[in-house]
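Open the model in your viewer and keep the selection panel at hand. The stops below say what to select next and what is there.

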Amino acid sequence: MVVAFIFSSAVTILTTLISTRFPFVPSVTFWLQGQIVVVGWRSDLGLFALTAILVLLGVKQARRIDLVAISDEMSYARGINPNTYRYMWVVLVSLVSGYIVSLVGIVGFVGIIVPHIVRRILGGSTTALVPYSALLGSPLLLLANILSSGIFGTVIPVTAITSLVAAPIIVYVMVRGIADKRY
Amino acid sequence: MLISAISVKLGDRLVLREVNVEFVRGLNVILGPNGSGKTTLLRCIIEMFKPQTGKIEVEAGEKSYAPAEYFGAEMSVLDVLLSGDSRREYTPYLELFSLQSFLERNFSSLSTGEKRMVLIAKALAEGDVVLMDEPTSGLDLKNQVKLREVLGTIKHKVIVVSTHDVSFAQAADRVALLKCGRVIAQGEAERVLTEDLLTQLYEVRVRRVHVDGKTLFLT
């Protein structure tokens, strides 16, 4: 979250500089806040392929991801270096996410809300989390998109809806975390 | 398993110094005070740390580890057992510790001892070389006895257990005493578990007494 704030500030500085130096460039702000609009299907193929590969990889590796989450030592015993493994996943997910954001813009918090819901219903094993989060993500985002397209009488960026929904969930999780720690 | 002259430095500290130890098929126990390097030794065997000198020759086959510390994951016990792409016959080991009915339960909701036993059962089912870090801590008396009995009967695997429980060491085929990163004695339980050596090891007066045909160690 701290990293996000740092980069967010950097982006704000950049956009302010650009709009004062080049006033004829339209505001980048609206582009930065993602919107799902049909502008043609060409980029969809690449998006779909990349996401599908990532999800399939996640499903295949699910059991090993679980083991790395439980214990570093058990992972080493099974021939997995947990640090390298985690690093690989961070890089992979970051690359794919970066590509998606570059096409769609920033739609926040979907990655937090969806697995949280899946975890509540199906438990925290990666074998369930990966495929079902992927399946739940699309309809949820579509719903947010439908809402963002008319609920306030005008089109607003999707990320506003997802952030609004996510905020109480995050607060709830944090409060519950603090309450648990009291014991 | 043969461990030859390994030295391990972690940060600035020399944790293991020229450790030579041999482990056989059956139950091997490493006894030693806190901070003597027992866990580090186990971690070297699974190649988590690379020793600065020396080498470790391990039997061929799968290695498994029952750790002292682990994350209480929010998944079912069955998912925990299957993690790591493992498909084994866990049932016989689960039955030994009366855990068969636990499969659907959430792992994080189990008691400390129950979680430990699940991971012990998993390690025993999966490994030809089974490493355990203080497996008896958190176990009630009945389960401590059960574990000692179970490990005493498995002769085809190389089981290496680090513990503080001297009575556990009595059931072992081989015992090694580790102090300040050095092996001060190793061999058969009868020869190694003496008053002198144990007193030297733990820096507390240890007495060996015989009660009802059993040998007990008292402080």
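Select β10(B) and β11(B): they form a hairpin with 2 residues between them, and D212(B) in the turn has a positive phi of about 55°. Strands here are DSSP E runs of at least two residues, and helices H or I runs of at least four, numbered from the N terminus. This is a predicted model, in which local features need pLDDT of at least 70 and side-chain atom pairs pLDDT 80 or more, while totals for chains, interfaces and linings use all residues. Residues are numbered from 1 along each chain as its sequence is written, chains are lettered from A and ligands numbered from 1 in the order written, and side-chain values use heavy atoms, without hydrogens and water.

The two strands run antiparallel, joined by 5 bridges (pairing takes at least two DSSP bridges). V209(B) stands opposite L216(B).

Now show the side chains of β11(B), residues 214-218. T215(B) and F217(B) point to one face and are buried (under 20% relative accessible area; exposed is over 50%, partly exposed in between; 1.4 Å probe, protein chains only).

Next, select R208(B) and E190(B), whose side chains meet in a salt bridge at 3.4 Å, N to O (a Lys or Arg side-chain nitrogen within 4 Å of an Asp or Glu carboxyl oxygen). R208(B) is in β10 and E190(B) in helix α7 of chain B, 18 residues apart.

Finally, select R78(A), E62(B) and R88(B), which are linked in a network of salt bridges. The E62(B) to R78(A) contact is 3.4 Å, N to O. Both residues lie in loops, of chain B and chain A respectively, so the pair joins two chains. For E62(B) and R88(B), the closest N and O atoms are 3.9 Å apart.
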